[in-house]
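Trainee: I have the file open and would like to go through it with you before I set anything up. Could you take my questions as they come?

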Amino acid sequence: MRKRNESVTVEHERAAAAAVPGPLDKGCSLRRSLRLPSSAATAEGMKRPLGRRHGLWFRLRKLILWLLGVYIAIPFLVKLCPAIQAKLVFLNFVRVPYFIDLKRPQDQGLNHTCNYYLQPEEDVTIGVWHTVPAALWKNARGKDQLWFEEALGSTHPVILYLHGNAGTRGGDHRVELYKVLSSLGYHVVTFDYRGWGDSIGSPSERGMTYDALHVFDWIKARSGDNPVYIWGHSLGTGVATNLVRRLCERETPPDALILESPFTNIREEARSHPFSVASTQYFPGFDWFFLDPITTSGIKFANDENVKYISCSLLILHAEDDPVVPFHLGKKLYNIAATSRSFRDYKVQFVPFHTDLGYRHKYIYRSPELPRILREFLGKSEHEHHH
C-alpha cells in the first residue's frame with residue numbers, strides 16, 4: 001500500500017509538474033515566437049530602404065569625387081604635357097573615313113586621280129592625290145604616274161588643296177570638292193601632312209608648312225606657266241598663309257590664295273570653339289591651362305600676322321552657321337587683310353554664305369554659286385582653261 005501510494009504520489013507530482021510548467025513554457029515560447037519574428041521583420045524592413053539609400057548615396061558621392069578628380073587632373077596634365085594639346089589641335093589620329101585604301105582613290109569615285117608618294121625630308125614621306133580636269137578623264141584611264149605628272153604641263157590651272165585637321169585626303173567633303181574643282185577645269189593636287197593618313201612623320205606646324213612648300217615646288221617644276229592657286233580649309237588656312245608668306249618673301253608668290261572657313265590665329269580659334277566658350281565660364285585659369293600649352297608647343301598658325309606679308313589676290317569663303325570656326329573670325333581676318341598695305345595692288349574679296357543654306361563648316365562645295373564665284377575671282381572660265 002505504501003509503495004502504491006508513493007507511486008501514485010510520484011505520478012501525481014510528475015503530472016502536476018507536466019501540467020503546470022508545460023503550458024506556461026509553451027505559452028511563453030509561443031509569445032516569444034510570435035513577438036520576435038515580428039520585431040525582426042520590422043527591423044529588417046527598416047534596414048533595407050536605409051541600406052539602399054546609403055548605398056546609392058555612397059555610389060553618387062564616389063562618382064562626384066571621381067569627376068572632380070578628373071576635372072582637376074586634366075588641366076594639370078595638359079599643362080605639364082603640351083603634346084596632348086598639340087594632338088587635340090591636329091587630331092591627326094582621327095582617320096575618318098575608316099577602312100579606305102588611300103592608294104586607291106578610284107574607290108572614292110575619283111577615276112581620274114593618281115596616288116603618289118613624295119619625300120620632303122629624310123624619314124618623311126607624304127601621300128599625294130592628283131586629280132586631273134574632268135576634260136582629261138578619258139585620257140587619264142589606266143595611265144601611270146609619269147603621264148599624270150606630264151599632264152600638269154597642260155593648259156589647265158592647278159589648285160593645291162590644303163585640308164584641315166582630322167581625317168585624311170580621302171575625307172568625304174574633300175573628295176566632293178575635288179570633283180567640283182575638276183569639273184571646272186582645274187588640276188587638284190592634295191596631300192596628307194606628315195603624321196596624317198598614310199604619310200610618315202610627326203606632325204608640327206613647321207613640318208606641315210614645309211610639306212606644303214615641297215609639294216608647291218614639285219607642282220611648279222611640272223606646270224610650266226600655268227597658274228597655281230592655293231586653297232586652304234580650316235586648319236589648312238593656317239598652313240596656306242604660312243606657305244604663301246614664305247613664297248612671297250622669296251618672290252615666288254602663287255597666282256591667288258583661297259581661304260575657306262579661316263580663323264585669325266590658333267589661340268583665338270581655340271578660345272572661340274564652342275567647347276572652350278562653355279569652359280571659360282566655369283573654369284578659372286582656362287587660358288593658362290589650355291591655351292598657353294598650344295603656344296608652348298610652337299603652334300601659332302597666325303593668319304592675322306601672315307596676311308600682312310602676302311602679296312597676291314585673296315578670296316575668303318565662310319558660312320555664317322559655321323559651328324567650328326566662328327564666322328566673325330573669318331570676317332575679322334578679311335578686315336585685317338583688306339586694310340593691309342601688302343594687298344594694295346591685289347584683289348581681296350570676302351564671300352559669306354547665309355545661315356539658311358546650311359553649309360556650316362565643310363559644305364560650301366555644295367553652293368551652286370561657287371563656280372561663278374571662282375570664275376569671277378580667278379578671271380578664268382572653264383572654256384578659257386580648255387582652249
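**A buried glutamine**

Mentor: Let us begin with glutamine 108, which is buried at a relative accessible area of 19%, and keep in mind throughout that this is a predicted model.

Trainee: Where is the place of glutamine 108, and what is it in contact with, leaving aside neighbours within four places in sequence?

Mentor: Glutamine 108 sits in the loop that runs between α3 (82-90) and β1 (113-121). Once its neighbours within four places in sequence are set aside, glutamine 108 has contacts with Ile100, Trp129, Gly170, Val175 and Lys179.

Trainee: Which peptide bond is cis?

Mentor: The one from valine 96 to proline 97 is cis, its omega being near -10°, and proline 97 is also in the loop between α3 and β1. As background, most peptide bonds are trans.

Trainee: Switching to confidence, what does the chain average in pLDDT?

Mentor: The average pLDDT of the chain is 84, and 74% of the residues score at least 70. Residues 16-34 stay under 50, and for them the model has four contacts beyond four places in sequence. Residues 380-387 also stay under 50, but there the model has 17 such contacts.

Trainee: How many residues has the largest nonpolar core, and which have the most contacts inside it?

Mentor: The largest nonpolar core has 58 residues, and those with the most contacts inside it are Phe90, Leu160, Leu162, Phe191, Ile230, Leu257 and Phe301. At least three residues of this core come from each of domain 1 (60-90 + 266-299) and domain 2 (100-264 + 300-378). A second, separate core has 30 residues, including Val175 and Leu370.

Trainee: What is leucine 257 in contact with, beyond its neighbours within four places in sequence?

Mentor: Leucine 257 is in contact with Ile230, Ala240, Thr241, Val244, Ile310, Cys312, Ser313, Leu314 and Leu315.

Trainee: Which residue has a positive phi although it is not a glycine, and is it buried or exposed?

Mentor: One of them is glutamate 251, with a positive phi of about 65°, in the loop between α8 (235-249) and β6 (256-260). Glutamate 251 counts as exposed because its relative accessible area is 68%, over the 50% cut-off. Arginine 360 also has a positive phi, of about 50°, although it is not a glycine, and it is found in the loop between β8 (348-353) and α14 (370-378). At 43% relative accessibility, arginine 360 counts as partly exposed.

Definitions and conventions: Residues are numbered from 1 along each chain as its sequence is written. This is a predicted model: local features need pLDDT of at least 70, side-chain atom pairs count only at pLDDT 80 or more; totals for chains, interfaces and linings use all residues. Side-chain values use heavy atoms; hydrogens and water are left out. pLDDT is the predictor's confidence in each residue, from 0 to 100. Contact means heavy atoms within 4.5 Å. A nonpolar core is a set of buried Ala, Val, Leu, Ile, Met, Phe, Trp, Tyr and Cys residues joined through side-chain atoms within 4.5 Å. Buried means under 20% relative accessible area, exposed over 50%, partly exposed in between (1.4 Å probe, protein chains only). Domain bounds come from an automatic or database domain assignment. Helices (H or I, at least four residues) and strands (E, at least two) are DSSP runs, numbered from the N terminus.
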